[in-house]
Amino acid sequence: MTVGRTPSVVQNSGQVLPAGHEPANLGDILERVLDRGIVIAGDIRVSLLDIELLTLKLRLVIASVDTARQIGIDWWEHDPWLSSRARPPVEPGPRDPEEVEASRRPRVAARAAREEWDEYDG
Amino acid sequence: MSTTAEPARAVPGTGSAVWLHGVVAAVTATPAGTTGIAGTPVRSVAGAGLVAVVSDVPLAEYGEEALRRNLEDLAWLERAARAHHAVVAALCGAGPVVPARLATVHRDDDRVARVLAERHDELAGTLARLTGREEWGVKGYVVPGATPRTEEPAAGGGAGAAYLRRRKAQLTAREEGQRIAADAAAAVHAALAGYAVTARRHAPQDRRLSGAPTAMVLNGAYLIDRERLDGFAALVRELADRHPEIRLEATGPWPPYSFVAEPSAEPAWA
């Protein structure tokens, strides 16, 4: 086997498939450049905590934004933390925590059910 | 670790700063014509016998506030990640490189040179350790067919009871399937780690990140001696044959992103 500089993919078939000119998977790149690599404190402080939080969010989102959209995950578009195009929250102002929790519960349950279904399906 | 509390610039939006791509051993030439993060040429900054590979960035886009905002913009982030990675990958062709984490920005060349001096021993040691080696990633995904199928339980009782029995059987099958896949992942990782110079097991990517149809159970990184790559590829193929219960996918060669930090800093994924 010849290993060039282009990333290649070994699959169960035993074949080593050159990835050709396709750019490497975005998820793989992001995971590496955000999560790994040497940490040197620069003068411009984008604190590592920011990056880690961002990475956590990205874990749920990135790679294929389109895929995520297809399965109905688009919350980042409304999350000011992730998107500059985010719209302001529908209900501005402080809310009663119990009310927030009560409205959150069915959404969480629905998501859990969907994930369970996906997982089992997969 | 050097830290500074000084603001980057008094006036945001004017002037430029220096983006660090990575550190290479002295003499290794900066690839001519390589474009840096902001489309500016890649330059080298020498210090303490090492070379930092940098590119100039406008503070209007890469200053503290702007950078924080831009990193949250997925399109901007993708472009930056790919540009940064492209420089690091190009450097890898010429010799060992210590890749910098994304968004390592200094005020000027002097500050970069100071980092090279302050962290010389660590950087030089890492470069020596990485010489002649490259990172390969091996991911393992659950193969649904390998999940043991459970018999449909015999009817009896009401629809509710039947549902509960079916649900229980499904859960048992799923747990069993996950256990089998997890065991296979552990076995594959152990075998690859035994062959590699060093190995890391990273958190599996979320399915929404991996884009794969089934759950990832192994996200390993392996530092391999270049002259032993053939054996590594053969081992991956052998393991793939031996463990049909997971689908293996190897990617590489990667710059050694996973092998520049102290192992203790990594979360354990056993």
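These legends describe close-up views of a predicted two-chain model.

Residues are numbered from 1 along each chain as its sequence is written, chains are lettered from A, and ligands are numbered from 1, in the order in which they are written. In this predicted model, local features need pLDDT of at least 70 and side-chain atom pairs count only at pLDDT 80 or more, while totals for chains, interfaces and linings use all residues.

**View 1. Confidence in the complex and in chain B.**
The predictor gives the complex an ipTM of 0.80 and a pTM of 0.71. Two residues are in contact if their C-beta atoms, placed from the backbone, lie within 7 Å. Residues 264-270 of chain B also have a pLDDT below 50, with six contacts beyond near neighbours in sequence. Where pLDDT is low, the predicted coordinates should not be read in detail.

**View 2. The fold of chain A.**
Chain A has four helices and two strands. Helices (H or I, at least four residues) and strands (E, at least two) are DSSP runs, numbered from the N terminus. Along the sequence, the pattern is β-β-α-α-α-α. Of the 122 residues of chain A, 24% count as buried. Buried means that 20 or more other C-beta atoms lie within 10 Å of the residue's own; exposed means 12 or fewer, and partly exposed is in between, with C-beta atoms placed from the backbone. Among contacts in chain A with a separation of 6 or more, 22% join residues 24 or more positions apart.

**View 3. H1(A) against H3(B).**
Helix H1 (residues 26-35) of chain A packs on H3(B) at an angle of about 75 degrees, with the axes 10 Å apart. H1(A) is therefore roughly perpendicular to H3(B). Axes are lines fitted to C-alpha atoms, for helices over the stretch in contact, and angles run from 0 to 180 degrees between N-to-C directions. Angles under 35 degrees count as roughly parallel, over 145 as roughly antiparallel, 65 to 115 as roughly perpendicular and the rest as oblique. From H1(A) come Leu26(A), Ile29(A), Leu30(A) and Val33(A). They meet Glu78(B), Ala81(B), Arg82(B), His84(B) and His85(B) in H3(B). By class, this contact has five nonpolar, two polar and two charged residues. Ala, Val, Leu, Ile, Met, Phe, Trp, Tyr, Cys and Pro count as nonpolar, Asp, Glu, Lys and Arg as charged, and the others, Gly among them, as polar.

**View 4. The two domains of chain B.**
Chain B is divided into domain 1 (16-130) and domain 2 (133-265), with bounds from an automatic or database domain assignment. Their C-alpha centres lie 33 Å apart. Eight residues of domain 1 are in contact with six residues of domain 2. On the domain 1 side, helix H3 (74-92), E4 and helix H5 (120-130) each give two or more residues. That side has seven nonpolar, one polar and no charged residues.

**View 5. Backbone details in chain B.**
The peptide bond from Gly252(B) to Pro253(B) is cis, with omega near -5 degrees. Pro253(B) lies in strand E9 (residues 246-254). Ala48(B), a residue other than glycine, has a positive phi, near 55 degrees. Ala48(B) sits in the loop between strand E2 (42-47) and strand E3 (50-58). Ala103(B) also has a positive phi, near 70 degrees, and lies in the loop between strand E4 (97-99) and strand E5 (105-106). Ala48(B) counts as partly exposed because it has 17 C-beta neighbours inside 10 Å. Ala103(B) has 27, so it counts as buried.

Key. pLDDT = per-residue confidence, 0-100.
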